[in-house]
Amino acid sequence: MARVSRSSAPRLLYALCSSASLSPSSSLIGGAFQLRHISGGNIARAKAAAEDKEPWWKESMERLRNIGISAHIDSGKTTLTERILYYTGRIHEIHEVRGRDGVGAKMDSMDLEREKGITIQSAATYCSWKDYKINIIDTPGHVDFTIEVERALRVLDGAILVLCSVGGVQSHSITVDRQMRRYEVPRLAFINKLDRMGADPWKVLNQARSKLRHHSAAIQVPIGLEDNFKGLVDLVQLKAYYFRGSSGENIVTEEVPADMETFVAEKRRELIETVSEVDDKLAEAFLGDETISAADLEEAIRRATLSQKFIPVFMGSAFKNKGVQPLLDGVISYLPCPIEVSNYALNQAKKEEKVELHGSPDGPLVALAFKLEEGRFGQLTYLRIYEGVIRKGDFIINVNTGKKIKVPRLVRMHSDEMEDIQEAHAGQIVAVFGVDCASGDTFTNGSVRYTMTSMNVPEPVMSLAVQPVSKDSGGQFSKALNRFQKEDPTFRVGLDPESGQTIISGMGELHLDIYVERIRREYKVDASVGKPRVNFRETVTQRADFDYLHKKQSGGQGQYGRVIGYIEPLPAGSPTKFEFENMLIGQAIPSNFMPAIEKGFKEAANSGALIGHPVENLRVVLTDGAAHAVDSSELAFKLASIYAFRQCYAASRPVILEPVMLVELKVPTEFQGAVAGDINKRKGVIVGNDQEGDDSVITAHVPLNNMFGYSTALRSMTQGKGEFTMEYKEHSPVSHDVQTQLINTYMGNKAAE
């Protein structure tokens, strides 16, 4: 064996290390000797090797896009997704949403969705286009399912906002756009349905600028409209595209038609002007009258879109298979990859300090469970990985509960089908099986205690009493309710203590109807539904004192407890809704009875004396009391507090609070008077009235109790042309006559029972 001189040993070892892809300090040859020393030249080489190693994930990250498609109802969102899947080769034939062929669109995997032709859950799908991998999350368009939209936007890096070329910017487009702005999602707009009668993309573009305050310009110009819609002219590349073949899969590129040259030149100039207003580099070239190449313009649009200063507008007709492939190119050219988006986590170890996540697979694992589904094989959890790598068989820790879990199976989702994978890195969206958690939980590998920011979960505003028709199906019924509660944080289930009925609460009539229907469909349980009821609250308006002695000493173990103090309203804007303060001096009541006293007051506040609804904004202060050496017990003090609360409640001048909704209506001007009159009749307060073209936009605060069946009433008042969105604003006191009426109804029902 040739001898190795001492000076060359390190180099030889380094060569061995790099060829065996070991780090230079790792043990070699059974640990007989370790390389501790690298000469100067080799340090440079080691650095170069480290830099060479970096693109392993950098390139795959740059070729990844996480996008959502959100829009108003019936803008053609699911149809667009269906076409994208077809062109990227994920499905081999196209089915329509209201499937006459009985198949229905791929993304609408629930029977109910296929029947009603609406998308309820966001299904996650993965596809690839020109060496890029795209995760698409299809989001619901109904306002009742906003939690789904919010959750989807939380995990996306970019989005496509679909607008209808006839309907334009509709009420829900505004809601969705507001949510995208809240989560700072860069977006493209796609004006769909250019083949329909009355299609006018330029009107829609102006509406997006005025209503959504989009700084936007068209990237494409349609060749013909309505029945004559033939293709598109790309303003960046200055090429005309025609879509041939039975499903528009063959794109024919030609020169711009001669009769459109002046119009195209004008629109391209408008595009360059609009982008140069927000991009300095392009502005310099534009002001210097330099010729702007397609590459320069594309880079400028990308920079402006990523910084959310500009929204490129694409056009087409998904149903007629035109304009979908250029939109996919736009997703790749203008929407960010996972490393170009800054995500923040909260460090629980340092009092929720904000930490920026760099999105590299080399960091510690941080993943967010953004959606749960009860699959055939147990709970399926959708994860968005923000940092690090997750592998099958790894142990991960749920930061919210502190539980350690093994990853039994890792899959990539395609609507409701799945393919197994061994590992996934930062930026990807995957699903895991058999992991018990709630939506919004964060998983790490245990080295850090980060949680992703909590999502805004709105309070439910409406309740329904439901019960299974047959007594035998109780098990399935409760199983269904448990599953829906885990999947959807805005869906709550409770028991009415007086009637013993199950009460479900949610974000509106449609939301609850869909769940009742799903119980019927998926669990084969027929449920009878009571009248919808509004979640009223009660509160106190002034201080009231209590002094109550609970005494029962008639032989055997006695009960003795006395509580003295007062209740008062909490100051406006306080974060909690119930506060208990112990201002007792000395040992009149032993401290071990305090939790029981607090529990008693909390329990009593669960149902007020006026109409039996929970009491909010309440502060209970205990100042004195008395205990008996033998007869005092936790039960005695708990009962004393319940009776004490009831005793002083009437003296605190309680009032009933009702949920008030922020209602935004859009109606043609000729119906404005009738609609405004109807809102006043419903005890609404009109706070804003704007004119938008031929429409009036009315903003009003209306009590939810007066909004039942409003969609039908609005349609009949406006010949079906009016539309409205409604979201919870606050609970505010009801007028005196309404309060009397509510109390009398409550008393009447109680007497009847």
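## Basis of the description

Two strands pair if DSSP finds at least two bridges between them, and helices (H or I, at least four residues) and strands (E, at least two) are DSSP runs, numbered from the N terminus. The model is predicted: local features need pLDDT of at least 70, side-chain atom pairs count only at pLDDT 80 or more, and totals for chains, interfaces and linings use all residues. Residues are numbered from 1 along each chain as its sequence is written, while side-chain values use heavy atoms, with hydrogens and water left out.

## The chain as a whole

The protein chain has 19 helices and 39 strands. Of its 753 residues, 51% are buried (under 20% relative accessible area, with a 1.4 Å probe and protein chains only). Among contacts (heavy atoms within 4.5 Å) with a separation of 6 or more, 70% are between residues 24 or more positions apart.

## Strands β7, β8 and β9

Strand β8 (residues 231–234) pairs with strand β9 (residues 239–244) in the antiparallel sense over four bridges. The two form a hairpin with four residues between them, and leucine 238 in the turn has a positive phi of about 55°. Strand β7 (residues 220–223) also runs antiparallel to β8, joined by four bridges. Glycine 231 of β8 is the bridge partner of isoleucine 223, and its bridge partner in β9 is tyrosine 242.

In a regular strand the side chains alternate between the two faces of the sheet. In β8, Gly231 and Val233 point one way, Leu232 and Asp234 point the other way, and all are buried.

## Packing of helix α11

Two packed helices are described by the angle between their axes and the distance between the axes. Here axes are lines fitted to C-alpha atoms, for helices over the stretch in contact, and angles run from 0 to 180 degrees between N-to-C directions. The axes of helix α9 (residues 261–276) and helix α11 (residues 294–306) come within 10 Å and cross at roughly 45°. Therefore α9 is oblique to α11 (angles under 35 degrees count as roughly parallel, over 145 as roughly antiparallel, 65 to 115 as roughly perpendicular and the rest as oblique). Arg268, Leu271, Ile272 and Val275 of α9 meet Ala294, Leu297, Ala300, Ile301 and Ala304 of α11 in this contact.

The axes of α11 and helix α12 (residues 324–334) come within 9 Å and cross at roughly 75°, so α11 is roughly perpendicular to α12. Glu298, Ile301, Arg302, Thr305 and Leu306 of α11 make the contact with Ile332, Ser333 and Tyr334 of α12.

Key:
Buried < 20%, exposed > 50% of the residue type's maximum accessible area, 1.4 Å probe, protein only.
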